[in-house]
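Here are my notes on this model. Please read them with the coordinates open.

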Amino acid sequence: MLTLTLQRVRIRAWSGFKGADDGFLPADCCLLQPDAAESLKEIQDACGQTVTFKAAFTSVASHLLAVSKGIDRDYARPTQSGHNFGMSLDVAVDETLAAFMASKRPDLMTAGRDLGSFSRWIRQFGWHGVKAETGHFDHLAGHETVLARI
């Protein structure tokens with residue numbers, strides 16, 4: 001049996017995200033593994049609220065519903081997505097890179113040049129990009145065993 005301990009965090013939402021009335025993802029989407037949540041806080045401390053997200057936690061039930069309705073054909077099968085375990089985030093790449101470039105901070109401007117530069121920057125916080133899905137990042141620190149099961 002796999003037991004998940006998830007922590008609620010505030011995650012800035014992509015401007016096109018329906019239901020993001022206050023500029024943040026809905027609370028039920030903002031559940032992460034504790035170490036992933038801590039890493040997200042480190043990212044927010046390092047750059048302010050300039051990283052914008054399109055998705056975080058997705059329950060298996062809502063995942064099944066989305067797949068059955070054909071809402072997103074890019075979904076992994078239910079229970080085979082890091083989103084179901086609170087260890088994946090989808091970054092709104094264009095908005096985030098633009099915010100990094102507008103920051104006028106040399107470190108963020110370097111990271112904001114392109115997706116590859118951003119991927120190298122976010123890796124220092126334990127997040128690793130998935131080549132097959134642009135903007136999808138998994139927090140792998142300590143979760144290699146879980147990933148091996150899914």
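The numbered points below go from the basis of the model to its fold, core, helix contact and one backbone detail.

1. Basis. This is a predicted model, in which local features need pLDDT of at least 70, side-chain atom pairs count only at pLDDT 80 or more, and totals for chains, interfaces and linings use all residues. Numbering starts from 1 along each chain as its sequence is written, and side-chain values use heavy atoms, with hydrogens and water left out.

2. Fold. The protein chain has 6 helices and 6 strands. These are DSSP runs (helices H or I, at least four residues; strands E, at least two), numbered from the N terminus. The order from the N terminus is β-β-α-β-α-β-α-α-α-β-β-α. Among contacts with a separation of 6 or more, 63% join residues 24 or more positions apart. Contact means heavy atoms within 4.5 Å.

3. Surface. The accessible surface is about 8,200 Å², and 54% of this area belongs to carbon and sulfur atoms. The areas come from the Shrake-Rupley method with a 1.4 Å probe; for residues, only the protein chains shown count as cover. Of the 150 residues, 41% count as buried. Buried means under 20% relative accessible area, exposed over 50%, and partly exposed in between (1.4 Å probe, protein chains only).

4. Core. Which residues touch the most other members of the largest nonpolar core? They are Ile11, Val51, Phe118 and Trp121, in a core of 28 residues. Such a core is a set of buried Ala, Val, Leu, Ile, Met, Phe, Trp, Tyr and Cys residues joined through side-chain atoms within 4.5 Å. Helix 1 (34-47), strand 4 (88-91), helix 3, helix 4 (106-111) and helix 5 each give at least two residues to this core. Helix 1 supplies the largest share, 5 residues.

5. Val51. Leaving out residues up to four places away in sequence, Val51 touches Arg12, Ile43, Val91, Thr96, Phe100, Phe118 and Trp121.

6. Helix contact. The axes of helix 3 (residues 93-102) and helix 5 (residues 115-123) come within 11 Å and cross at roughly 80°. Axes are lines fitted to C-alpha atoms, for helices over the stretch in contact, with angles from 0 to 180 degrees between N-to-C directions. Helix 3 supplies Val93, Thr96, Leu97 and Phe100 to the contact; helix 5 supplies Leu115, Phe118 and Trp121.

7. Backbone. Lys104 is not a glycine, yet has a positive phi of about 65°. Lys104 sits in the loop between helix 3 and helix 4. Lys104 is exposed, with a relative accessible area of 65%.
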